[in-house]
Amino acid sequence: MSPIKHVAIIMDGNGRWGLKHKNSRNLGHRAGLNTVETVIDECIKEKIKYLTLYTFSTENWKRPKKEINFLFNLLENFLIKRVKDLIKNKISVKFIGELSKLPITLKTLIKTSEKKTLQNSIIQINVALNYGSKGELINALRSINKKKIKINEQNIDKNLFTKGIPDPEILIRTGNTQRLSNFLLWQSAYTEIFFEKKLWPDFSKKDFKKILTKFKYIKRNFGSI
Ligand code: IPE
Ligand code: IPE
Ligand code: MG
């Protein structure tokens with residue numbers, strides 16, 4: 001068993017990459033998909049069971065409509081084209097976030113791809129879509145209140161979108177920015193965080209492997225000595 005069960009990634013820098021290369025932010029989003037494939041392959045090789053990818057935040061609605069539509073289309077096409085491969089490679093996908101607010105076509109695809117891949121066990125990819133950690137926590141507290149159960153760590157865990165998923169050991173943010181942007185704030189209380197200078201489309205297999213190796217040498221104290 002790998003000592004790393006869960007890697008979470010803030011895939012940042014697509015827009016800047018696209019602007020730099022062909023003056024098109026959307027080109028960067030498309031290029032970012034290749035990095036997604038590379039990282040999934042590496043996680044499978046390393047026997048990492050969960051990979052969470054920050055794909056669209058609750059704050060990303062502030063972007064131009066054209067860019068938002070492009071992102072949703074990109075994801076829709078990926079799901080249409082790749083679901084067969086996901087099944088073949090025993091990869092399951094789960095979407096975490098406020099999914100009700102998404103366009104209907106995307107919602108339908110999400111449901112079918114989750115259903116079709118549910119039994120797969122090699123790796124689970126959590127796609128954080130219209131995800132925001134503060135909103136997630138508010139929802140959790142509301143459901144705890146409704147169920148009339150105690151507010152404690154266990155019950156909060158059980159009422160988050162990430163219910164049943166172990167907290168990430170590693171969180172990576174590419175794009176040369178050092179902030180969490182409302183991602184997994186509760187779940188990353190003791191996560192090792194790696195900030196990468198490279199933009200997401202330039203992030204390579206070698207860069208990812210370097211982080212996994214670095215992690216293996218970290219002494220994790222969890223408050224102890
Ligand atoms: C991250 O890349 C991808 C999404 C938010 C969907 P950005 O689009 O934020 O890229 P930069 O940070 O503007 O370069
Ligand atoms: C975080 O990146 C969201 C995703 C990667 C999906 P942003 O580019 O939206 O973050 P900020 O706005 O720079 O903090
Ligand atoms: Mg960004």
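In what order do the six strands of the open sheet lie, and is the pairing parallel or antiparallel? Let's find out with a short tour. Keep in mind that you are looking at a predicted model.

**Stop 1**

Switch to a cartoon view and look for the strands. Six of them form an open sheet in the order S3-S4-S2-S1-S5-S6, and the pairing is parallel. Now select residues 91-96, which are strand S3, and residues 192-195, which are strand S6. These are the edge strands, and each of them pairs on one side only.

**Stop 2: strand S2**

Next, select residues 50-57, which make up strand S2. Is S2 mostly covered or mostly open? Seven of its eight residues are buried, so S2 counts as mostly covered.

To see one of the partners, click on Val 7: its bridge partner in S2 is Leu 51.

Then go to S2's other partner in this tour, strand S4, by selecting residues 123-131. How many bridges link S2 and S4? There are seven, again in the parallel sense. Leu 53 stands opposite Val 127 in S4, and Ser 57 stands opposite Tyr 131 in S4.

**Stop 3: a helix across the strands**

Select residues 205-216 to show helix H7. Which strands does H7 lie across? They are S1, S5 (residues 170-173) and S6, and the helix runs at about 145° to S5.

**Stop 4: ligand 1**

Finally, select ligand 1 and show the side chains around it. Among the residues that surround the ligand are Met 11, Asp 12, Asn 14, Arg 25, His 29, Thr 55, Asn 60, Arg 63 and Leu 71.

Now look at the ligand's oxygen atoms. A polar side-chain atom of Arg 16 lies 2.7 Å from one oxygen atom. A polar backbone atom of Gly 15 is 2.9 Å from an oxygen atom of the ligand, and a backbone N or O atom of Gly 13 lies 3.4 Å from a ligand oxygen. On its own, ligand 1 has 380 Å² of accessible area, and the protein covers 87% of that.

Conventions:
Residues numbered from 1 in each chain as written. Chains lettered and ligands numbered in written order. Predicted model: local features only at pLDDT ≥ 70, side-chain atom pairs only at ≥ 80, totals over all residues. Heavy atoms only, no water. Buried < 20%, exposed > 50% of the residue type's maximum accessible area, 1.4 Å probe, protein only. Helix = DSSP H or I, 4+ residues; strand = E, 2+ residues; numbered from the N terminus. Pairing = 2+ DSSP bridges. Contact = heavy atoms within 4.5 Å. Axes fitted to C-alpha atoms, helices over the stretch in contact; angles between N-to-C directions. Near = heavy atom within 4 Å. Polar contact = N/O pair within 3.5 Å; in protein donor to acceptor, adjacent residues only side chain to side chain. Areas by Shrake-Rupley, 256 points an atom, 1.4 Å probe, with all protein chains shown as cover.
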